Structure formats: structure tokens, C-alpha cells
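User: I would like to go through this structure and ask what the terms rest on. Please set each value against its definition.

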Amino acid sequence: MIEQLSSLLLSRNLLIWLLFLVPYFLSAQQLVVEAVDFPLAELPLGADRLADSTIQSPWQLLDFPSDTAMLDYLNSWVLQQREQAYWEASVDSLYQLDSLRWQVQLYRGPAYNWAVLQTDSVKRQWLRRAGYRPRNFRRRALHQQDWEQLRDSLALQAARSGYPFARFGLTDVQWKAPGQLSAQLQQKLGPLITIGEIRLPETARVRTHFMEQYLGILPGQPYDEGRIRRLPQLLRQLPYLRLRESPRITFQDQLAFVELPLERRPASRFDFVIGVLPNSLDGSLLITGELNGELQNSLGAGERIAVRFEQLRPRTQELEIELDYPYLLELPFEISLATELYRRDTQFLNLNWRAAAAYRWQADNRIEVFWSSQRTNLLGFDPQRVLSTSRLPDTLDVGRNLFGIKLQRQRLDRRFAPQSGILLEISAGAGSRRIRRNGRLLELGVENLYDSLATRSTQYQLEGRLDLYRPGPLGTILYTSLSGGAILGNNKIYPNEQYRLGGARQLRGFTEQEIFATNFLLATAEIRLPLGGQAYLYTFGDLAWVDGRSTAQPNIDFDYPLGFGAGINFETRAGVFAFSLALGKRNNERIDLGAPKAHFGYLSLF
């Protein structure tokens, strides 16, 4: 209704102007303006007002540099009035007085208002989600954008509820008074559309059931325009599939068929990192290494199998194995299993287990419930020191069971080398901690030393991480990250329970896992210059706050490790190679420019 009124009035104005668009306009023009129903003082600026004794009120003389400027002024005045709800605003007449003068008569009319808009026939839930407020359509100015926004929002809500062909308009239009519009909101929903099926090419090598669950589009459920619009974004999150072109939606017999033109791309990977570090004990070079293997979607169910082995220093190794299997037994849950074996020189051996069940919504958000178990076995100690000091070793046999919850929210444009987006992870766990008596210590006759310990206690663990990627100046990518962890309880923490920081992946500029922390915060900032694909130059800085207090160091002050450096990732046919140099310093230390930490890496996708 509003669109028809606007079109009719504008067409009449254009017709009047076109009748006079003749090549008389060859120089500066003067316009004699008469306002029929409003004060001339309300004319907008944009032209020079001239004084002329021959022009009497209620006329106004305006000066324009050209004919085009004069016509633009009149057109702008009409549009401005209609933006202020004067829908009858028009140029009533325009004719030439002489070779340089034109006379125009402007009419504004009343300001239009909504008297009332009846919405009884539309679902209240749709109106609420569309942002409809009755007060905005009762004794308020009748602005076209308000009506168009409500109409389009209602159409979107209907499309999200299975009615993609719904239309909304006005009926029973009445003019209760000059400029007072009363109308009824009318809806034509069309047929209810449900999802037929998702069609995938065989070459994608992915199961249809997995895609249905991941995308949240199940056969038989009502058509949802919001989910359809998010398909490209969700599919970009899958590292093993590539969308060749936009998804196609076909409607047939009240069914919507979703065709996804996907193709398989390499996502399983093998990579390694080698560190060349100066040995602080004898000045020699210390070689560390890390090997990673990961299989993605090898069974077509979106599963992930990962193995990591790390040689941190002589006689110190770490082995991790992880398995993620989404939508097991066609349920909307992902099962995760992980185990970790960590041997620290001749001091202790940690064996950790973790099991979790995660629920995904909107594909890239998940909440999981987890159970983790940690078992520490004491490998060696100094018997003479125990007997002479009558004190137990700094590391004991400890067992811990935690139950917790973890929330993850992700909005990244791609998995490898993202350029924009956010990643948020928060987890909290609580459980029991038990100190076990060691047989070899008992053989020394120091069993009474355990009597002063609280062998059973409650322990809590909090962890969090926030990663931000955003475009920077000159084509760069700015990456910032804040992560932290805390182990809380009434009893002292042993070194084998602490976090281990430092190395190529966390707090660069230090030897692998050389910094032990009971609580920590780590801030990272990087500036990346993309070189194409997964290749980029970067410079970085890491700053941490570390509370390293434990039974081995009960009175240690807080530490503020700082690491900084630069590196490069470059692509070849054989894979992605990486090289970085980093320097680091701790409290009361100077930066040793002659002892940088060098890391070499390689990533192969298949």
C-alpha cells in the first residue's frame, strides 16, 4: 500500500519535470518558489537565496549554478519530505518565466501517521521474533522503512518455520482522518515445506547421516531458511570437504531437496617440529622433537584419530592418542577418548585418561561433559636424603579423578591458518585427589611421614582460552590469544600435577615444558603477513604470569616469562615448512641474544 502511494506520487512529479526538460538550461538558473502549505523558512539549504524587490511573500527566489542542480534540489526536497512521513509532498507546477527564471509551486500535505495496525491473524511468536512492537504502529509517523523492515522480518520468520513462500501485506486500509492510516496485517503462508533429503556426490566420501546431523537438516523436519543460509559457512569448517559452488535447493511436492556440490580435499596430516636449543647446563645444543599424525574422515563419518609423540629432552618423552567420533548410533552426541603417557626423566611417570560426551548445536558450538583420571608413579628418589631429612620426596604417587564440563564456541573462516573469527573455550572440573603410599618408601621405614599428609582431598581445575583473528593494516592478519589454567585445593600441589609451559607451541623462547605452573595466564600477539594458502610471515610476542609454587618450590615468587621472535610458514608441493627463532627471559634475567631457540616444522596433508 505504502509502496503504491509513493510510486504514484513520484510518477506525477517526474511527468511534470519531463515536460519541461528542454534545452533551455544553458546557464545559471533562478527559481521562484511558492510554498502552498508550509513556511518558506523550512526550505532546506543547498541554494543561494536572493533578495529581489519584485518578488513578494510568500515567494522565495533561489539561485542555482545549473539546470541539473535545480532539478536535483527539487527531487531532494520531495524525498526528504517523504522520509519525514509527508507522503503527499510534490512539485505541483513548474514553468518558465523567462530565459533565466523558473517558477515552482511546492505542496507538502499532512504528516502521515499510523492510527492502528491490526495483527490478529499473525502468530505472536513470529511478531515477537520479528521485533514488532504495537506502540511503533500506533500514533507514530508512517515511515516506509518501518513497514518494510517488519514485512521482511515476518517473511524470514515464516521461512524459518517451513513457509519459504509466505507473503505479508496490508488489507482493510482506512483513512480515519487526514494522514491517519488504519490497516490489517495480512499473511499468505503458502504450502508447508519439509526437508526431503540431502544429496551428496559419491566422490565426497562422506556419509549422508553425518551431514544431516552436522548441518541440522533432517528429512521430514520443516524447512528452515536460517539453516539454509548458513550452509556455506558450516561447510567451510570441515577441513576434509570443499564446496565447489553454492548449495542448490529444489522444491518439489512440498519437499525441499538440498544438493551440496562437495568435493574431497586433503585433511589428514603428518607433521613434525624439531627444536635446536642451547643446553643451559653444559652449553651444548639440545635437540627436541615432536611428531604428529592425524586421520580425518577416513571412514566417512567425520571421525578424527590423532597421535602425538614428543621427545622433550633425554629420557623425557610424551605420547598422546585421541579419538573423536561424532553422532555415534545416530545420536546428536560426539564421543571423545584420549590417553597420555608422560615420563619425566627418572623422576615420575604420568598416565592420564580422558573420556567425554559432547553435544553440538549450530555445528561449530559444543558443550561436553568429561571425566579425566591421572595416575602418577614415582620412578626414583634419593633414599639418603629422605632418611637424613625425614622428609618425603617432592614428588609422590598421586591419583586424581575429575568430572567437569567444557563449553566451546567457534567462528573461524577456516581451520588451518584462519584469517578472521573467534574461538572460545571454557572448562571447569572438580573431583577427588588421593596420595598413595609408595612401597619403596615404606621399605625405608618412613611410613609415619605419610601420617601428616591429607591423603584424600578435593581438587578443582579451571581452564580457558580465547583466540581472535581479524584483518589488520596493509593486508596483515592480527592474531591475539589469552589462555590460562588454575589448579585449586587446600593441599600443596606436586610438580607432577602442574601445568608444563614452554616450547614451540606455547610460550615460545623457552625449552620445551621447562616452566612448571600451578596457575598461569598467557597472552599472545602475532602479526601475520599472508603469502597465499597456508603460507605467511609472522612476528610474535608471548607474555605469561606464572604461579609455580609446589612442594618442590613452596616459596617461589611469581614469574613473568617473556618470549618474542619471528618466523615463516611456506608451502611446497611436499607440504608446509615452518621455521622460527625466539628469545625468552624470566624474572631477574637478561635476554641472551646469542642463545635463540630455533624451531623447524613440517606439515603434510593427504
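User: Which residues lie nearest the centre of the second largest cavity, and how many residues line it?

Analyst: This is a predicted model, in which local features need pLDDT of at least 70 and side-chain atom pairs count only at pLDDT 80 or more, while totals for chains, interfaces and linings use all residues. Residues are numbered from 1 along each chain as its sequence is written, and side-chain values use heavy atoms, with hydrogens and water left out. The second largest cavity is lined by 13 residues, and Arg414, Ala417, Gln419, Pro530 and Tyr536 lie nearest its centre. Two elements, β28 (519–532) and β29 (535–547), each give two or more residues to this lining. The most come from β28, with four residues.

User: What makes a space a cavity and not a pocket?

Analyst: On a 1 Å grid over the protein atoms alone, a cavity is a set of points where a 1.4 Å probe fits but cannot get out, whereas a pocket is an open set with protein on both sides within 12 Å along at least five of seven lines; lining residues have an atom within 4 Å of a point. There are five cavities of 30 Å³ or more. The second largest cavity has a volume of about 70 Å³, a volume being the space filled by probe spheres set on the points, with grid points joined across faces, edges and corners.

User: Which residues are closest to the centre of the second largest pocket?

Analyst: The second largest pocket has a volume of about 390 Å³. Leu392, Leu453, Lys492, Tyr494 and Thr551 are the closest to its centre, out of 17 lining residues.

User: Why is Ser483 called buried?

Analyst: Buried means under 20% relative accessible area (exposed is over 50%, partly exposed in between; 1.4 Å probe, protein chains only). Ser483 has 12%, so Ser483 counts as buried. Ser483 is found in strand β25 (residues 477–489), a strand being a DSSP run of E with at least two residues, numbered from the N terminus. Beyond its neighbours within four places in sequence, Ser483 is in contact (heavy atoms within 4.5 Å) with Gly464, Arg465, Phe520, Leu521 and Leu522.

User: How does the radius of gyration of the protein compare with that of a compact globule?

Analyst: The radius is taken over C-alpha atoms, and the globule rule is 2.2 Å times the number of residues to the power 0.38. For 606 residues a compact globule would have a value near 25 Å, but the protein has 36 Å. The C-alpha atoms fill a box of roughly 120 × 60 × 55 Å along the principal axes.
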